[in-house]
Amino acid sequence: MTTTFAVRPGSSRRLAGTGTLLRFALRRDRLMMPVWIAVNALMVLSMPNTLESLYGTPAERADLIRQMGTNSSLRAMVGPVFDDSLGALTAWRVGVYAGALAAVMSLLVVVRHTRDEEESGRQELVASGMVGRRASLTAALLAAAVANGVLALLLTAGLAGQGTTGALALGLGIAGVGMVFATMAAIVAQLTESARLARGLTAAVLGAAFVLRAAGDSATDDGSSVLTWLSPLGWLENLRPYADERWWVLALLAGAALLQGAVAYGLAGRRDIGMSFLPTRPGPASGRLGSAGALAWRLQRGSVLGWSIGFLLAGVVYGGMTEGAADLVGDNENARRIFERMGGRSGLTDTFLASMTGMLGLVAALYIVASVLRLHGEETSGRAEPVLANAVGRLRWAAGHLVIAFGGSALIMLLAGLGLAAGYGKETGPILGACLVQLPAVWVIGGVAVLLHGVLPRAAVAAWGVAGAALLIGWVGPALDLPQAVLDISPFGHLPKLPGGSMEWGPVVVLTGLAVVLVAAGLAGLRRRDMTT
């Protein structure tokens, strides 16, 4: 369908209404943006104190740099170290991950306010008023810029005590990576007809960027590999905050963002609303779609495949670095204590494996929230209504997606265990058990998402906050030496620490039962309430 805009051609007219749309976007994201920003900022700002407790003397820091220079598997995970100051160690330890989180936040914001709006039909209504042709895209990019700008300000202010120049470089670098992927998402949103596909493709590019950086860093100890320079995350690393900053690297990030933004604007001006340059191939559909479950599988199979591959590869990488991590910790009692709080008081190798399986479980919670909230997306976009108008009940419709959400989480954790065992080269059974024991906590997070969607659909997005809080507590809590009562807020804090620890069935049974109760309550609410649009 071709939409007629109620504005005349002209550069200013094409942006008419941008301010109003920006305010609306910020209002819609008033929960999501602060959560993403807070999680990212807290992760970075907690590192200096943690690293000071781990490597408090020049000798310990010199030993760390020496070990990183010879340990290619750990460099692949976190990158090379360029200086022994606390600021430089903070940039080394969390810089790449903070950049990746900023990228995910940015691509979600841009796709939500561009392709999501078109797919739901709301953009067509907006465009029928006094709104410019490129106003929506501009507002989406400005919303991402606001989020990244606030993140940069928080990081710069919070790390200023370690050195203002380095703090500014790290803050701008992380925000720059976010804007590179924001403009990349803007391009992909013009190319595809589906918001889900736009998010998936942009996330795949981010994954490729991480792999390129990891491959490059494993080959060299100074970030000079060509593969590292092919990745925006590698650019952030080579900005070298707190280590004779290379300010010209910021020009690469800014140039890439501006170039991609220009491409996105050019594409936006050459298509109709709702259309794309890579249209979905028309039917007939292959395979059977004779049930709600089959439809749910067709909608989510790409996501399941992507997460499965990612967890398998992550398992292989973490398994391969197990021995190297043990060497890195060595006689450092503070580092050993943190790993023990994450993975239990067994041998160091088992403790490291337990902490890695715990981290994979925390990330699996993000998968289950995304998969459960696909129900919310189908409902609010109006696509669920035609399905429910047939001989398909609400519970049957929801069950198709929930089977994929909860069963898919079991699949990706199983594949992560297989990858860990393959990378480590032994103890397949205990490692698989350690991965699968994370599932009750993952399912509790999924149950919360089901409950919110069923009872408070307008607050369903808060499930991301629950998953983010669990991730923050599990990742940063042990390093900050938070009280056990705080760690126990997360369902992951109650799980047995495997491998190496003793299997305790009580918490596993209780968490599984809690997940069942949450899902049942959510489905009961879904059955009784009106459908939202």
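Visitor: Which helix is Leu418 found in?
Guide: Keep in mind that this is a predicted model. Leu418 has a relative accessible area of 38%, so it counts as partly exposed. As for its helix, Leu418 is found in α20.

Visitor: Which elements give two or more residues to the nonpolar patch?
Guide: The patch sits on the surface and is formed by Leu312, Val316, Leu414, Leu418 and Leu436, with about 340 Å² of accessible area together. Two or more of its residues come from each of α15 (292-320) and α20 (394-424).

Visitor: How many residues of α22 are buried?
Guide: Helix α22 covers residues 439-455, and its end-to-end C-alpha reach of 24 Å is close to the 24 Å expected. The helix is largely enclosed by the rest of the structure, because the buried count among its 17 residues is 14.

Visitor: What is the angle between the planes of Trp229 and Trp248?
Guide: A search of the whole structure turns up 4 aromatic pairs. Trp229 and Trp248 make a stacked one, with 5.8 Å centre to centre; planes under 30 degrees apart count as stacked, and here the angle is 10 degrees.

Visitor: Trp307 and Tyr367 also pair up, so what kind of pair is it?
Guide: Trp307 lies in helix α15 and Tyr367 in helix α18, 60 residues apart. Their ring centres are 5.5 Å apart and the planes sit at 65 degrees, so the pair is edge-to-face.

Visitor: Is Tyr367 buried or exposed?
Guide: Anything under 20% relative accessible area counts as buried. Tyr367 has 1% relative accessibility, so it is buried.

Notes. Residues numbered from 1 in each chain as written. Predicted model: local features only at pLDDT ≥ 70, side-chain atom pairs only at ≥ 80, totals over all residues. Heavy atoms only, no water. Helix = DSSP H or I, 4+ residues; strand = E, 2+ residues; numbered from the N terminus. Expected span 1.5 Å × (residues − 1). Buried < 20%, exposed > 50% of the residue type's maximum accessible area, 1.4 Å probe, protein only. Patch = residues over 30% accessible without salt bridge, like charges linked within 9 Å, V, L, I, M, F, W, Y side chains within 5 Å. Areas by Shrake-Rupley, 256 points an atom, 1.4 Å probe, with all protein chains shown as cover. Salt bridge = Lys/Arg side-chain N within 4 Å of Asp/Glu carboxyl O. Phe/Tyr/Trp six-rings, centres within 6.5 Å; stacked < 30°, edge-to-face > 60°.
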